[in-house]
Amino acid sequence: MKFSENWLRELVTVDADRAALVHALTMAGLEVEEVTTLGEGLDGVVVAEIVEATKHPEADRLQVCKVDAGQGEHLQIVCGAPNARVGIRIPLATVGASLPGGIQIKAAKLRGVESFGMLCSAKELGIDADASGLLELPADAPVGQPLADYLGLPDASIELKITPNRPDVLGLNGLAHDVAALFGSHVKSIGVGEAAIASSASRPVKLGAGADAPRYLGRVIEGIDASTKSPLWLAERLRRSGIRPISAIVDVTQYVMLELGHPLHAFDNDTLSGTVVARHATQGETLKLLDGSEAKLDPSFVVIADDAKALAVAGVMGGFDSRVTDDTRNIFLEAAHFAPSAIMGRARKLGLHTDASHRFERGVDPALPRRALERATELLLVIAGGKAGPVSIAERPEDLREHAPVLLRHARLRRVLGIDVAAAEVTRIFTALGMGVVEVADGWQVTPPSSRFDIEREEDLIEEVARIHGYERIPTTTPAGEIALTPEPEARLSEMQLRDQLAARGYFEAVTLSFVSTELLTTWGVDHAWVPLANPLSADLAVMRTSLLPGLVEALRYNRARQQERVRLFEVARSFHATGGAPDEIGRVAVVASGSALAEQWGEASRTVDFFDLKGDLDALIARTGEPERWSTDATDLPSWLHPGRGARVLRDGHPSGFIGALHPALAKALDLGADVYVMELALEPILARRLPRATRVARFPAVRRDIAVELPEEITWASVEAAVRGALGDTLKEIRLFDRYAGKGIDEGRKSLAMGLILQDASRTLTDDDADARVAEAVGVLEKTCKARMRG
């Protein structure tokens, strides 16, 4: 928000210079982003009038002007401005003047013609960025008067960075209350009375949007001169606040918005039909806006409409067809209160950001519409003439927020701030901020004004005292006492350990957005139970992710497109799933890999990453749990995005915990990935759970190894074989190692041979050959029964 320093000082007495004012605002939470000085060092610049203008004899683009500067004799000035003409009043920098930027004005000859001064543009004077021509002053500007006195200079344009919880300071009147509290002053009231009713013209209004639009006011003003230019004082205040003056009607609505903080809008009353209503838009309804764009609306928008058509998008922008032009003679001036939730995000949905939406979506004082309407009427009648009609009002009092008193306790204030603030000072602060204060036995009963949406509880009042009393006046102290550390549970690995292990295996951690496009989830086939955003930043970020892989693969694709041939990424984050109530958030770990299995080196032959590389990474993660026997894989019920021949489900205790494998070729083609991409996604909690570490004795008796080879059907997986053997031999089997797989000559078609080593050990005695042979026989018997296996050799 930009504003004129001089304008603010007219509303509140500030016994401090500019630097102190800027510092105080920043320290009070109203951060000053930029201060632009205006019109400093304009000694020697006066108001002048061009009384004669002839073409320069030696230059087509120059004119020789005779200028009246109130000095008796006319001055000869050579000027190249395109708007230099007889009769206009403009700024003249006389000989000896020094302009901003270091320009020294001297008598000079331009193409052989003497020139005694310089006619100036706004940019040359340092009061605006407009350098298109001379700064044209009103026709009644007093010739010879110093320009600084006439324009109220010097001044400064101050820009504040307003946090979303302080919409009350988006108007100078609200800002003045903070300044008054900071400097022990008081706000000068802006006298707003009710306009004299000189016309019976009116237009009925009604509400049709429920709690989204609980108050709407309108007034017809007849016989107005819309072509009137705004007076200099008003135009300058707008210009110094970053708003370009347009016409009297538009400028007045902008001025009142800056002064009081309430947006207004004026319609050409002759273009309206019947009753004006605030209602929800219909599905597919369209409206051509003031900027010429066409808004496509839905019922989430509130519109202002008459009996025939929509007139404006409420709280955002007016319509093109009902706009005020220079030919307008009768206007319908509106002021309304909209619920912030009804306006929030609507402008962005249309690709817009307006001053009105900026204020309405943060919250505008519901008590302001009548005051703003009367203030604008007062200014319009003085500036553009006309006759005001009665005010039409429609409101739903039950939907207008009322602030309840909030108790602030002495003891709580002292405890939170760590200092004693005098009771009289606390009362002064709240009173200066426009709050109602009643001192009670243990503190203060404070009633916030209707403009302060951010005051709801005791902590909010403590913050007000702190920022006005001064954060710098609160001493900095080191907290005393010991901080208790939360113990890490031994039965659970930390997420950091998981990250460290993946990083040690050559993966880089990625952080991707939780928001993705619906098209991306649909392409992956993971578009069920997604959580749509009510107010997305863009169409590409419209829903919450239901899996980490789509975003992580996009990051891989981004890197691949930038000549990174070997990409290995992982992410530990959450996915989101709609449940009808609050979305479910599920912790997950995801891995993607593409390119060479090993970084560039000379020790081993180069090869691309494959399924077993990722399976090795999975086994390493599982090993950290201390319970590898609880984990298994199978190739059933694979998702559509996984390659059916190079993918598997990951199970823990028989329950699905994730997936691993290559992306389906069709998906890889749709995503334009080129080379194979291998992925893994696991539920986070199962992979972090681990067996509680427990010390055991080192075995006193030697282990015995027996190797066996069995022939069995091709479809029997190693996981099934391992589970069968472990189940048969129990604790005696310390380890099982698969060291050979064979299919081909000597083996029936559709069958394979697996050779494995069984490591057997007993904690109480040394196993004999007979014991070992008996265990082997048990294992073979189980495999014959459960896996259709038969012993080889």
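Modeller: Two strands are said to pair if DSSP finds at least two bridges between them; strands (E, at least two residues) and helices (H or I, at least four residues) are DSSP runs numbered from the N terminus. The model is predicted: local features need pLDDT of at least 70, side-chain atom pairs count only at pLDDT 80 or more, and totals for chains, interfaces and linings use all residues. Residues are numbered from 1 along each chain as its sequence is written, and side-chain values use heavy atoms, with hydrogens and water left out.

Colleague: Which residue of β6 stands opposite E49?

Modeller: Strand β3 (residues 45–55) and β6 run antiparallel and are joined by five bridges. In this pairing, the residue of β6 that stands opposite E49 is R89.

Colleague: How many of the five residues of strand β6 are buried?

Modeller: A residue is called buried under 20% relative accessible area, exposed over 50% and partly exposed in between (1.4 Å probe, protein chains only). Strand β6 spans residues 89–93 and is largely enclosed by the rest of the structure, because the number of its residues that are buried is five of the five.

Colleague: What is the bridge partner of A93 in β11?

Modeller: β6 also pairs with strand β11 (residues 118–119), in the antiparallel sense and over two bridges. Within β11, the bridge partner of A93 is M118.

Colleague: Which strands stand at the edges of the open sheet of four strands?

Modeller: The pairing in this sheet is antiparallel, and its order is β15-β22-β14-β23. Each edge strand has a single partner, so one side of each is left without a neighbour in the sheet; these edge strands are β15 (265–268) and β23.

Colleague: Which residue of β22 is the bridge partner of I221?

Modeller: Strand β14 (residues 215–222) is mostly covered, with seven of its eight residues buried. It pairs with β22 (residues 331–337) in the antiparallel sense over seven bridges, and seven bridges also join β14 to antiparallel β23 (residues 387–395), where R215 has E395 as its partner. On the β22 side, D268 of the neighbouring pairing has I331 as its bridge partner, and the bridge partner of I221 is likewise I331.

Colleague: At what angle to β14 does helix α11 run?

Modeller: Helix α11 covers residues 368–384 and lies across β14, β22 and β23. Its direction relative to β14 is at about 15°.

Colleague: In the open sheet of three strands, what is the order of the strands?

Modeller: The edge strands are β24 (406–409) and β25 (436–440), each pairing on one side only, and neighbouring strands are turned by 25° against each other on average, direction ignored. Four bridges join β24 to antiparallel β26 (residues 443–447), with G443 as the partner of R409. The order is β24-β26-β25.

Colleague: Which strands does helix α14 touch?

Modeller: Contact means heavy atoms within 4.5 Å. Helix α12 (residues 410–417) packs on this sheet, touching β24 and β26, and its direction makes about 65° with that of β24. Helix α14 (residues 458–469) packs on the sheet too, with its direction at about 60° to that of β24, and the strands it touches are β24 and β26.

Colleague: How far apart in space are V406 and W444, C-alpha to C-alpha?

Modeller: V406 lies in strand β24 and is buried, with a relative accessible area of 8%. Leaving aside neighbours within four places in sequence, its contacts include W444, V446 and L461. V406 and W444 are 38 residues apart in sequence, and their C-alpha separation in space is 8.2 Å.

Colleague: Which element gives the most to the lining of the largest pocket?

Modeller: On a 1 Å grid over the protein atoms alone, a pocket is an open set of points for a 1.4 Å probe with protein on both sides within 12 Å along at least five of seven lines, and lining residues have an atom within 4 Å of a point. The largest pocket is lined by 31 residues, with K615, T633, T717, W718 and A719 nearest its centre. Elements giving two or more residues include α18 (611–624), β34 (642–652) and α21 (718–729); the one that gives the most, with six residues, is α21.

Technical notes: Axes fitted to C-alpha atoms, helices over the stretch in contact; angles between N-to-C directions.
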